[in-house]
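Subject: Structure handover

Hello,

Here is the structure for your files. Please open it alongside this note, and read on for what turned up in it.

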Amino acid sequence: MKLVLMRHANAAGGSPDIARRLDDEGRAQAKARGKDLASFDFDVALVSAASRTKETFRLLQLDVEDVREESDLYFGSHETILLLLNSLPDTAETVLVVGHEPTISQAAAIFGAESERAQEIRGGVSPSTAIVLEFTNWNGPAEIVEIFAN
């Protein structure tokens with residue numbers, strides 16, 4: 001089972017926070033990250049309800065049939081992600097989560113705590129970073145097998 005935890009691409013300032021969109025750099029980041037993730041065959045994508053996460057996902061240009069907008073990802077924690085993963089059908093073996101900091105790096109650090117690469121993401125990740133974890137089951141533990149960053 002594979003989980004890709006991705007922070008949204010670079011966003012412009014503004015208010016309200018949930019409505020912030022990507023800036024030009026962010027749009028370029030998302031398109032580039034889409035190329036990195038193109039070889040994955042995602043069963044499900046869980047995307048925060050924020051405008052910048054939905055725009056990031058759209059610009060990835062990935063062919064995912066089951067895309068779920070999850071408002072809980074906006075303020076959620078690693079526990080939120082775990083609950084969402086455990087609510088998926090058993091056929092969901094490769095999942096993408098597009099969310100926010102600090103949740104993305106914290107979830108990856110907790111799920112992949114025993115991984116050699118865990119230290120790389122403990123202090124947070126930059127916009128558009130995607131962390132690939134492999135699980136035997138969603139309740140962990142996981143191995144961090146790849147980190148795509150700018």
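Two strands count as paired if DSSP finds at least two bridges between them. Keep that in mind for the sheet below. Please also note that this is a predicted model.

**The sheet**

Strand 2 (residues 44–48) and strand 4 (residues 94–99) run parallel, and 4 bridges join them. One of the residues involved is V44, whose bridge partner in strand 4 is V95.

These two strands belong to an open sheet of 6 strands, in the order 3-2-4-1-5-6. The pairing in the sheet is mixed. Strand 3 (66–70) and strand 6 (142–148) stand at the edges. Each has a single partner strand, so one side of each is left without a neighbour in the sheet. From one strand to the next, the twist averages 20°.

Helix 5 lies across strand 1 (2–7), strand 4, strand 5 (130–135) and strand 6. Relative to strand 1, helix 5 runs at about 150°.

Helix 5 (residues 103–111) also packs against helix 4 (residues 78–86). The angle is about 70°, and the axes are 8 Å apart. The two helices are therefore roughly perpendicular to each other. Which residues meet there? From helix 4 come H78, I81 and L82; from helix 5 come T103, A107, I110 and F111. By type, the residues of this contact divide into 5 nonpolar, 2 polar and no charged.

S105 is also in helix 5. Is S105 buried or exposed? Its relative accessible area is 2%, so S105 is buried. Leaving out residues up to four places away in sequence, S105 touches I121, G124 and V125.

**Aromatic rings**

A pair of aromatic rings is described by the distance of the centres and the angle of the planes. How many aromatic pairs are there in the whole structure? The search finds 4.

F40 and F42 form a stacked pair, at 5.5 Å centre to centre with 15° between the planes. F40 has 18% relative accessibility, so F40 counts as buried. F42 has 5% and also counts as buried.

Y74 and F75 form an edge-to-face pair. Here the centres are 4.5 Å apart, with 75° between the planes. Y74 is buried, because its relative accessible area is 16% and the cut-off for buried is under 20%. F75 counts as exposed at 75% relative accessibility, because the cut-off for exposed is over 50%.

F111, F135 and W138 form one aromatic cluster.

**Q29**

Q29 lies in helix 1 (residues 24–37). Its relative accessibility is 9%, so Q29 counts as buried. What is Q29 in contact with, leaving aside its neighbours within four places in sequence? The list is A9, N10, P127, S128 and N150. For scale, the C-alpha atoms of Q29 and T136 are separated by 31 Å. Along the chain, Q29 and T136 are 107 residues apart.

Best wishes

Technical notes:
Residues are numbered from 1 along each chain as its sequence is written. This is a predicted model: local features need pLDDT of at least 70, side-chain atom pairs count only at pLDDT 80 or more; totals for chains, interfaces and linings use all residues. Side-chain values use heavy atoms; hydrogens and water are left out. Rings of Phe, Tyr and Trp (its six-membered ring) pair if their centres lie within 6.5 Å; planes under 30 degrees apart count as stacked, over 60 as edge-to-face and the rest as tilted. Buried means under 20% relative accessible area, exposed over 50%, partly exposed in between (1.4 Å probe, protein chains only). Axes are lines fitted to C-alpha atoms, for helices over the stretch in contact, and angles run from 0 to 180 degrees between N-to-C directions. Angles under 35 degrees count as roughly parallel, over 145 as roughly antiparallel, 65 to 115 as roughly perpendicular and the rest as oblique. Contact means heavy atoms within 4.5 Å. Ala, Val, Leu, Ile, Met, Phe, Trp, Tyr, Cys and Pro count as nonpolar, Asp, Glu, Lys and Arg as charged, and the others, Gly among them, as polar.
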